[in-house]
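Author: Welcome! Please look over the picture below for a moment, and then we can go through it one question at a time.

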Number of protein chains: 2
Amino acid sequence: MPGAIKFVENGTITSARGFTAGATYAGLKTYAADKLDLGLIFSETPCTAAGVFTTSAIRSPSVTVCQEHIAAGPVRGLVVNAGIANACVGEQGYKDAQEATSLAAARLGVRPQEVLICSTGVIGVELPMSLIRSGISKIDLAADGGHMVARAMMTTDTRPKEAAVTFQAGGRQINMGGVAKGAGMIHPNMATMLAFVATDAAVEPRLLQTALREAADTSFNMVTVDGDTSTNDSLLVMANGAAGNRPIAAGSPDAAIFQEALRQLCVHLAREMARDGEGASHLIVVEINGARNTADARRAARTIASSSLVKSAVYGSDPNWGRVLAALGRSGASVDENQIDLFVNGVCIMEGGKPIPFHRDAVVALMRGPEVSFRLQLNLGDGQATAWGCDLTEQYVIINSAYTT
Amino acid sequence: MPGAIKFVENGTITSARGFTAGATYAGLKTYAADKLDLGLIFSETPCTAAGVFTTSAIRSPSVTVCQEHIAAGPVRGLVVNAGIANACVGEQGYKDAQEATSLAAARLGVRPQEVLICSTGVIGVELPMSLIRSGISKIDLAADGGHMVARAMMTTDTRPKEAAVTFQAGGRQINMGGVAKGAGMIHPNMATMLAFVATDAAVEPRLLQTALREAADTSFNMVTVDGDTSTNDSLLVMANGAAGNRPIAAGSPDAAIFQEALRQLCVHLAREMARDGEGASHLIVVEINGARNTADARRAARTIASSSLVKSAVYGSDPNWGRVLAALGRSGASVDENQIDLFVNGVCIMEGGKPIPFHRDAVVALMRGPEVSFRLQLNLGDGQATAWGCDLTEQYVIINSAYTT
């Protein structure tokens, strides 16, 4: 059983030893109050790195370059820009992504292939390279610079998303920190989810990739704001070994705690992303138990959390179980209608598929809190999954329509 | 090549010979201005019938009974109620659906198994059988009663949806009429799509089922309002042979024109459904050409038409091609980014994957019309499909949240 994993106060990506970071306002973002839009993360020593990327058939060349640099071996840093996604700009996008990593590499004193890149923002606009060039030259790295990167990567996010955990492995204290930007939409374009994790653990490369994929599956891949996968979605992890532990190998007890720590950190950031979805006033948590299998549980949880009708009902604090069941029914998961128990914020309102009398006003009052949970017991097997989402509000529509014409 | 298919003025389901219909207010709907909620459709002679039903794992017993009665052989009529979906009410729902068909059969002078049933409305509430009983006894059948049924099946629809076509087959004039209710949500529950078609053609049973399935695939199955499949979705067709033609058989020239007429009628009703989606201010038409195959084209068209970001952009009359491409990219269809041409209301704004300069104000003005079209040429093959949807407005959110608490 893994040992204790603790969230640290004021944690961020530079909570991991040997990582520094910084950010500046290069002039790429014009719409954000928070005037930072270009960030650098640096590791004093080479890192094992892994990534999980958008599955979209149309992707930013920044993603392509990032994948190539991860494949090329150890990395030393990462450059991230907000404001422009570097997507749908033809061949220039690939050249610009390469040049941005070269500029960052020169600033950091490393090779271009050792620098990862992520972009988020408007589609169809080329990166203004002169602004990137002068911006990178202005960035100062600091031991607590993670906080600045967390702000620099924001688009329509209303607040930065960052956290760090600490745990023991191989007799050493391991630190692991992360930053993320949420599924907010950007004029005139789309949501992008970016998340970066840094750890001072030494980790075998194959384990790092496996652990990241597993963590993504139960965290970021279970978050939904509006169902729109972006051209730029990226989740990256860098492990520099500054803790001095023997590299964690797959199958070891340390691998289990490392995996669990990474999962908890990713879940934390994913929840924050859902909570800060565009126009959101409530976090929605959908927990499925007793599904026939895990795939069914994931399908059901995601479908319910992304239903426009469920999201609208949550906005109205309406314990509208019919919409939850309708979404479950169309999710593709095996369901026996007469076996379903449903709890709203802990109150059972349906048992064995039949609605049971409940104090409506009390449930409505519970739903007025910041978090609304739907817990379903399908009583068919052991499948379990949790998904996070947010409610659908007039504000979402206004953000994504009214301000452009 | 099929002969001429003409839409007739003021057409409805009783435009087909030998069909009568009527409706009454039984007291099941409390929220609609249009006070009709229970309808009957009757054929003077036995009909070949076919149906396509919701794929949801949770479905109304009205759907189950309807399927059983279609399987039992020729049908003579249909009873439809709005206001209560007869879903998620335990075993009572099946008994009530059976009793409702028995009551309708007694009123029509036929056997219960000869009567189909559809319900739409609130989930989790039992059908009030005494209201159904007294309601059915009050319904008078009339030659133009289709108009009343079209109103009686409405829930949050703002207007009835009905049409009829006429064409020649087997040397006879064939009439075919239909009524539908749209994907509107009902307090406190969900969208239901119902559509009924009646024709005076004689049609072989197997052809009728095949033709209906094909028509559904390119019409109702390509409509999206909010992605929520209901527990009660049903599409039914009844063919009574009153035209006196020799039964139309699969593979014959008459089968081709019958298929095409049915498709055109279904597409018309499906478009009306999308146009009248909850809170909608624009009909969205997404046409995909040159996809690798038909399945890819359908996937791409449906994904774009159902994207919350695209829907919000249309509401704001924003020619936001980045969102269209992002939806295309995540649709699962094969895409070569450098091959895509995109037209908005006929104006080419992207060619070979690159945005081309366009007169933004002119395109915005076009998008302010009642219909916004996105036509994409993927240049990869022969796959073609069209999907219909509607924009996402504050009104949608208000309808589905604000009025319940």
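**Strands, cores and domains**

Reader: In β15(B), which residue is the bridge partner of B:Glu287?
Author: Strands are DSSP runs of E with at least two residues, helices are runs of H or I with at least four, and both are numbered from the N terminus. Looking across to β15(B), we find that B:Glu287 has as its bridge partner B:Thr386.

Reader: What kind of model is this, and how are its residues numbered?
Author: Residue numbers start from 1 along each chain as its sequence is written, while chains are lettered from A and ligands numbered from 1 in the order in which they are written. Local features need pLDDT of at least 70, side-chain atom pairs count only at pLDDT 80 or more, and totals for chains, interfaces and linings use all residues; what you see is a predicted model.

Reader: How many bridges join β10 of chain B to β15(B)?
Author: Two strands are said to pair if DSSP finds at least two bridges between them. Strand β10 (residues 283–291) of chain B and β15(B) run antiparallel, and the number of bridges joining them is 7.

Reader: Which helix packs on the sheet and touches β10, β14 and β15 of chain B?
Author: Contact here means that the C-beta atoms of two residues, placed from the backbone, lie within 7 Å. Angles run from 0 to 180 degrees between N-to-C directions, with axes fitted as lines to C-alpha atoms, for helices over the stretch in contact. The helix spans residues 294–306, its direction makes about 20 degrees with that of β15(B), and its name is α7.

Reader: Why is one side of β13 and of β15 in chain B left without a neighbour in the sheet?
Author: The sheet is open, with 6 strands in the order β13-β12-β11-β14-β10-β15 (chain B) and mixed pairing. Strands β13 (354–355) and β15 (383–390) of chain B stand at the edges, so the reason is that each has a single partner strand.

Reader: How many of the 8 residues of β15(B) are buried?
Author: A residue counts as buried if 20 or more other C-beta atoms lie within 10 Å of its own, exposed if 12 or fewer, and partly exposed in between, with C-beta atoms placed from the backbone. By that rule β15(B) is mostly covered, and the number of its residues that are buried is 7.

Reader: In the hairpin of β11(B) and β12(B), which turn residue has a positive phi?
Author: These two strands pair in the antiparallel sense over 3 bridges, and B:Val344 stands opposite B:Val347 in β12(B). The hairpin has 2 residues between its strands, and the one in the turn with a positive phi, of about 45 degrees, is B:Asn345.

Reader: Turning to chain A, is A:Phe196 buried or exposed?
Author: A:Phe196 lies in strand β8 (residues 194–199) of chain A. Beyond its neighbours within four places in sequence, A:Phe196 is in contact with residues including A:Ile13, A:Ile41 and A:Leu236. A:Phe196 has 29 other C-beta atoms within 10 Å, so A:Phe196 is buried.

Reader: How far apart in space are A:Phe196 and A:Phe220?
Author: In sequence, A:Phe196 and A:Phe220 are 24 residues apart. In space, C-alpha to C-alpha, the separation is 12 Å.

Reader: What separates the centres of domain 1 and domain 2 of chain A?
Author: The bounds, 6–272 for domain 1 and 283–402 for domain 2, come from an automatic or database domain assignment. Across the division, 9 residues of domain 1 of chain A are in contact with 13 residues of domain 2 of chain A. Taken over C-alpha atoms, the distance between the centres is 32 Å.

Reader: Which residues touch the most other members of the largest nonpolar core?
Author: A nonpolar core is a set of buried Ala, Val, Leu, Ile, Met, Phe, Trp, Tyr and Cys residues joined through C-beta atoms within 7 Å. The largest one has 276 residues. Touching the most other members are A:Val149 and B:Val149.
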